[in-house]
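Please load the model in the viewer and keep the sequence panel open.

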Amino acid sequence: MEPTKVGVAPLLDLSKYPQAQAFVARCCEFFDEVKDLTPGAPLEARLNRDYGPGNPYYEDFCKFIRAGLGEGWAATAELDGPKYRRSRIVAPSAETHFISITTVYMDSQEEYRGQYHAHPYGEINCVVQIDESAELKGMQGWQGAGWTCPGPGTHHYPEVRGGALVALFFLPAGRISYAAKPGDPQPHCL
Ligand SMILES: [Fe+2]
């Protein structure tokens with residue numbers, strides 16, 4: 001059976017999880033800082049320079065997501081057994097500067113690929129390591145602790161290696177598409 005597409009997946013019931021509410025509030029503070037920035041390679045470099053490990057936002061996001069895995073609100077819906085799971089945390093709204101929040105847990109030592117997708121307006125993706133050796137593949141290559149930030153119109157497989165991580169991703173306007181196919185042309189800016 002085809003896994004559920006993120007746009008129609010059920011939303012988390014935030015009222016049940018105070019920690020998830022605090023997490024969303026923290027995300028909104030971060031969005032206030034990045035809401036006018038456009039995803040792509042330059043923003044990826046900037047996020048890794050200014051918001052990488054040691055940055056209070058990055059550390060809080062990791063702390064909340066690890067707690068959420070234990071509390072059962074981060075990445076609960078199985079897409080391919082327990083090794084590939086997702087939670088839709090919030091849809092875009094005025095409160096989030098019209099950015100959506102989604103979490104995807106992936107766990108594989110070997111390279112493992114999820115659902116091919118495109119981001120019409122790009123994607124800001126925080127890599128939350130569960131295993132220290134885990135890496136997520138972005139448009140610029142493999143990324144451990146830190147960020148990937150594919151530009152508008154890019155498409156790819158979410159891909160993990162080296163263990164378990166959570167891809168915490170923020171989508172401008174919540175836009176994601178499953179119409180792109182591997183081999184389709186990429187935009188000139190990745
Ligand atoms: Fe993506």
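Helices of at least four residues (H or I) and strands of at least two (E) are DSSP runs, numbered from the N terminus. The model is a predicted one.

Begin by selecting residues 124–129, strand β6. All of its residues, 6 of the 6, are buried, so the strand is largely enclosed by the rest of the structure. In a regular strand, side chains alternate between the two faces of the sheet. Colour Ile124, Cys126 and Val128 as one side of β6, and Asn125, Val127 and Gln129 as the other; both faces are covered.

Then select residues 146–148, strand β9, which pairs with β6 in the antiparallel sense over 3 bridges. Here Asn125 has Thr148 of β9 as its bridge partner.

From β12 (163–172), proceed to the segment after it, where Ala173 is placed. Phi of Ala173 is near 60°, a positive value in a residue other than glycine. Is Ala173 buried or exposed? Because 11 other C-beta atoms lie within 10 Å, Ala173 is exposed; the cut-off for this class is 12 or fewer.

Finally, select His97, in the loop between β2 (84–90) and β3 (99–108). His97, likewise not a glycine, has a positive phi, near 55°. His97 counts as partly exposed, because 17 C-beta neighbours lie inside 10 Å.

Notes. Residues are numbered from 1 along each chain as its sequence is written. This is a predicted model: local features need pLDDT of at least 70, side-chain atom pairs count only at pLDDT 80 or more; totals for chains, interfaces and linings use all residues. A residue is buried if 20 or more other C-beta atoms lie within 10 Å of its own, exposed if 12 or fewer, and partly exposed in between; C-beta atoms are placed from the backbone. Two strands pair if DSSP finds at least two bridges between them.
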